[in-house]
Amino acid sequence: MNSFEIGRDLTSITMGIDAYERRQPADRSLLGGEGLVPIYLGSEDVQPRHYDAVETIRADLDTLATAASALHEGPRKMFLQGMIRSVSTATKMLAGASPSFEEKVTHLVGAPAGREDAALIEDARARLDAVLKRSGFVNGSLGERIAAWEEARAIPAEQIETVFRELMFQAKAKTDEMIFDTGDYDMVLNPVRGMFYTARCSFNEGKMDLNFDLSFTRAALKHLVCHEVYPGHSTQLLSTKAAVDAGEAPVDALLITTDAITGCVQEGIGDQGVHLIDFVEDDDDEIHIELRRVRSAAQTSAAWMLMVEGVPREDVANYLRTTAMGQEAWVQGRLRMAAHPFRGPFISSYWAGNEVVRKVRERVTEADRPAFIKALYSYANSPESLSMFPQVAN
């Protein structure tokens, strides 16, 4: 089997697992009745295999793993082997197994194990301190100054949709020019409350869900527009579908939203969105970039503290309040996500994904940028396979 054939089988198997899980009673499903692939645009390209038993799924994945092991070394083999291992881990969990949190992070998510480097977090806090002082926020502790900045820059709730539309217009224009022509695609704002997430791409409904329990600066809302829509999740969905339809990419590119190792790079594209379309405009954007780095790294450490080291929940909450300087709704949402038996380890995907996309982006030359954008937006990637760029995925 060549890599395209393996990718087709992988897609059919993965969507078969998705369909199998959606048939399970919601109260007995780790995913609460949702599937393994939240958004799939390939229903006309690859049909799911039908499964009545997990044993059959495991046998098919084992066969595929053997085929992938015979491919020549390179990013394509690296991705396929990692994705098969990830989907296999998900299958074990959906069948009732309880891997360790470390195994979930490394095998299911594809992120490094352990806390993030405390020195790195402190360096980001120092950078944040410097930009805040440059912007005139000089009184009080770092946390107090962040709170003052967020309060001073907060968009009144009744103006959020207006600012959202302005940012969408600007981000779309930049994305269409620099990344991929998104055509007439659009997404409306959908206020929600009581969610563990800050925002979510509800692609099939054409909505960007936004958690109104939180307040938002313009810089924060810009980041979310870039993360969820242009040039983030929605753009990646549109571009991979176009690449598959044109025969330029294997059909497994349509698995980018799978709750698997593809999630790291998907979140990394979103978190690097403002950089990918050169949309960093002022000190407020710089403040939010450094603040997001602090929070992304800290939430990864917090999940490890809670789920592996057994640190009491309130102590972890205090860590997020003091180190990450998060709003209380964000703190509680992060803790709820970390404790979820399936979604918990994916809290690590944001930092791991941001770092791999950032590192590759920063070393790509202007001459290599078109190939980088194609690799990022036409194919499914794992952190390991993307880090091998400019090797070609074939």
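In this talk, a residue is called buried when its relative accessible area is under 20%, exposed when that area is over 50%, and partly exposed in between, with a 1.4 Å probe and protein chains only. By that definition Asp 252, with a relative accessible area of 1%, is buried. The model is a predicted one: local features need pLDDT of at least 70, side-chain atom pairs count only at pLDDT 80 or more, and totals for chains, interfaces and linings use all residues. Residues are numbered from 1 along each chain as its sequence is written, and side-chain values use heavy atoms, with hydrogens and water left out.

Let me begin with the chain as a whole. It has 17 helices and three strands; these are DSSP runs numbered from the N terminus, helices being H or I of at least four residues and strands E of at least two. The radius of gyration of the chain is 21 Å, close to the 21 Å that the globule rule gives for 394 residues, so the chain is as compact as a globular protein of that length. That radius is taken over C-alpha atoms, and the rule is 2.2 Å times the number of residues to the power 0.38. Along the principal axes, the C-alpha trace spans about 65 × 50 × 35 Å. Of the 394 residues, 56% are buried.

Contact here means heavy atoms within 4.5 Å. Among contacts with a separation of 6 or more, 69% come from residues 24 or more positions apart.

I return now to Asp 252. This residue sits in the loop between helix H9 (233-245) and helix H10 (262-271). Which residues does Asp 252 contact, leaving aside neighbours within four places in sequence? They are Gly 7, Thr 11, Arg 76, Phe 79, Leu 80 and Ala 380. As for H10, ten of its ten residues are buried, so this helix is largely enclosed by the rest of the structure. Among the buried residues of H10 are Cys 264, Gln 266, Glu 267 and Asp 271.

Lys 222 lies in helix H8 (residues 218-228) and, at 1% relative accessibility, counts as buried. What does the side chain of Lys 222 make a polar contact with? The partner is the side chain of Glu 281, at 2.5 Å. A polar contact is a pair of N or O atoms within 3.5 Å; within protein, one must be able to donate a hydrogen and the other to accept it, and residues adjacent in sequence count only if both atoms are side-chain atoms. Not counting residues up to four places away in sequence, Lys 222 also touches Leu 167, Val 274, Phe 279 and Asp 285, among others.

Finally, the backbone. The peptide bond from Tyr 230 to Pro 231 is cis, with omega near 5°, and Pro 231 is in the loop between H8 and H9. Another cis bond joins Phe 389 and Pro 390, with omega about 20°; Pro 390 belongs to the segment after helix H17 (383-386).

Positive phi values, near 55°, occur at Asp 278 and at Met 325, neither being glycine. Are these two residues buried or exposed? Asp 278, in the loop between helix H11 (273-276) and helix H12 (283-307), is exposed, with a relative accessible area of 54%. Met 325, in the loop between helix H13 (313-322) and helix H14 (328-339), counts as buried at 6%.
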